[in-house]
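Please keep the sequence and the coordinates at hand while reading.

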Amino acid sequence: MEGRIIVVTSGKGGVGKTTATASIGAALALSDRRVAVIDMDIGLRNLDVVLGLESRVVFNIVDVVKGRCKLRQAAIRDKKIENFFLIPASQSDNKDVLTPEDMMKVGQELRKEFDFVLMDCPAGIERGFENAIAAADEALVVCTPDVSSVRDADRVIGLLLSRSIMPKLLVNRVIPKMVGRGDMLSHQDVVEVLSIDLVGLVEMDDQVVVSTNTGTHLVLQSNSKAGEAFQRIAMRLNGQPDLPIEDPMARKGLWKSISKKLGLRK
Amino acid sequence: MTEETIIERKSTRKQQTSCVSLKRVGESLWVSFDPSQPRRLLEDELARLFGRMKHLVFQSRVILDPETAQSDENLIDSLGAFLKETFGVGFVSGPPQKRSVEEELRRRQAVAFSWRHQRSDVLMLTGRVRSGQKVSAKNHFVLMGDLNPGGEVVAGGDVLVMGSMLGTVAAGQPDKEDAIILALDFRPTQIKIGGYVARGIANSPGTVGEFAFVENNSITVANYLKVNPFGRLPWPEVR
């Protein structure tokens, strides 16, 4: 059976594409799937740092495309997870060295080699984006509950749909307190505007910063809300699409429940 | 007969034919005459024209049109009586009152059911216009769906969005200032009607259809059902 290539994209930068790619990839690999994550941000790679593999990079995706090495030579095995591989980006080239046709050829090879291939798409909608989505079968659009992020995600969704790729939505960095106060868009607002299937909600979590800086896996940390959310997203992608989406807003403490019953709180 | 006499007779006939003329308009006979001519001459000329038609004028409807702004009722009555007595015409009247241009236009449109043969150049789409997408319509534009923030619509006529309008809308481009912009959920980023531009409004009731139109050199937004801008038109019109 051929593997699936999923592109993780957003339009806007800094919304958590790389973290999402690393965490969902790790979670899929933990469920005994052979997974590769590919950094498509040629010239500005950082997925290797997030995964703590920067010291092991020898070859990169540009080398694979140009035939300077084999796919297996460029794929770096993760330190802790057996079936998890990274194909890093080139730091010295620019995005124009690759073409969408190149990526489609490599895509066929990747599908044979792996069950899941997650492509970390660069921000923007230029060449890097075109290259990343060329070989993709599916797309995951990462969006934070900000007006600017929603607008960029909307633009990207339009481009993906025009290439017959049906994207799924991941709402990242939800802060339930701010949503409750009305200072932040709720995930319902975001879904209403973007009108695509929601694959998961990820709460704002300080552990993300810690794991990114130390190169450890978020999904292996026991007390990370974001890690748990990424694990559930991986489960939805891996044959359990009906797994209920946990709404961070619905999580309430004992005192809140009591005061609600007493009529002190709505 | 000399050549001079022939010319004289021709000119006399020309004078006679010019004071009364007859044509068929629908089921009626429309008689135009020159009221400045003597009554006797008019009667002779009528007799000549109606005499030729013989039984065809019996019980027919005749309209006497003096072709001047001030119609002479007495003259029409006396000529009518003459025609009734001599040729047995059924009904004689003066010309119908002229309608105002606007009224006549509306009447004609209503009578002709103008929309039946109207070739529509309305662009009607379903779905969602997303950020970065731009839809241009030559004339009116109807969207059954939503216009997202960052999406853009430009139309030569009206813009109707049967859903949420959150993007940028330009109606009546380039200079049709009677165009309207209507949405069920009216929260656009910016709107433009003809040459007028307005900022979007952050808050909208969201549950009532609102529309924007140009009034007193500025764009006004109002509840569509309350204002009902086209409800008072007497007939359906092509827009």
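Chain A contains twelve helices and eight strands, and the description that follows rests on a predicted model. Of the 266 residues of chain A, 48% count as buried, and among the contacts in this chain between residues at least 6 apart in sequence, 76% join residues at least 24 apart. For the complex as a whole, the predictor gives an ipTM of 0.71 and a pTM of 0.70.

An open sheet of eight strands runs in the order β3-β4-β2-β5-β1-β6-β7-β8 in chain A, and its pairing is mixed. Its edge strands are β3 (76–77) and β8 (198–203) of chain A, each of which pairs on one side only. Strand β1 (residues 4–9) of chain A pairs with strand β5 (residues 116–120) of chain A in the parallel sense, over five bridges, and within this pair A:I6 stands opposite A:L118 of β5(A). Helix α6 (residues 127–134) of chain A packs on the sheet, where it touches β1, β5 and β6 (138–143) of chain A, and the direction of α6 makes about 155° with that of β1(A).

Further along the order of the sheet, β6(A) and β7(A) run parallel and are joined by five bridges, with A:L140 standing opposite A:K168 in β7(A). Is strand β7 of chain A largely enclosed or left open by the rest of the structure? Seven of the eight residues of β7 (residues 167–174) of chain A are buried, so this strand is largely enclosed by the rest of the structure.

Two helix pairs of chain A show how its helices pack against one another. In one of them, the axes of helix α1 (residues 17–30) of chain A and helix α11 (residues 225–237) of chain A come within 8 Å and cross at roughly 65°, in a crossing that is right-handed. From α1(A), the residues making the contact are A:A20, A:S23, A:I24, A:A27 and A:L28, while α11(A) contributes A:G227, A:F230, A:Q231, A:I233, A:A234 and A:L237. By class, this contact of α1(A) with α11(A) has eight nonpolar, three polar and no charged residues.

In another pair, helix α7 (residues 147–162) of chain A and helix α9 (residues 187–194) of chain A pack at an angle of about 35°, with their axes 10 Å apart, and α7(A) passes α9(A) in a right-handed crossing. The residues in contact are A:V150, A:A153, A:D154 and A:I157 of α7(A), which meet A:V190, A:V193 and A:L194 of α9(A). The residues of this contact of α7(A) with α9(A) divide into six nonpolar, no polar and one charged.

An open sheet of four strands in chain B has the order β1-β2-β3-β4, with mixed pairing. Because β1 (20–25) and β4 (91–93) of chain B stand at the edges, each with a single partner strand, one side of each is left without a neighbour in the sheet. Neighbouring strands of this sheet are turned by 20° against each other on average, with direction ignored. Strand β2 (residues 28–33) of chain B runs parallel to strand β3 (residues 61–65) of chain B, and five bridges join them; the bridge partner of B:L29 in β3(B) is B:V62. Helix α2 (residues 39–53) of chain B packs on the sheet and touches β1 and β2 of chain B, its direction making about 45° with that of β1(B). Helix α3 (residues 73–87) of chain B lies across β3 and β4 of chain B and runs at about 150° to β3(B).

Finally, the two chains meet in a contact that takes eight residues from chain B and seven residues from chain A. On the side of chain B that touches chain A, one residue is nonpolar, five are polar and two are charged.

How values were computed
Residues numbered from 1 in each chain as written. Chains lettered and ligands numbered in written order. Predicted model: local features only at pLDDT ≥ 70, side-chain atom pairs only at ≥ 80, totals over all residues. Buried ≥ 20, exposed ≤ 12 C-beta atoms within 10 Å, placed from the backbone. Pairing = 2+ DSSP bridges. Axes fitted to C-alpha atoms, helices over the stretch in contact; angles between N-to-C directions. Nonpolar A, V, L, I, M, F, W, Y, C, P; charged D, E, K, R; others polar. Left-handed = near helix turned anticlockwise from the far one by under 90°.
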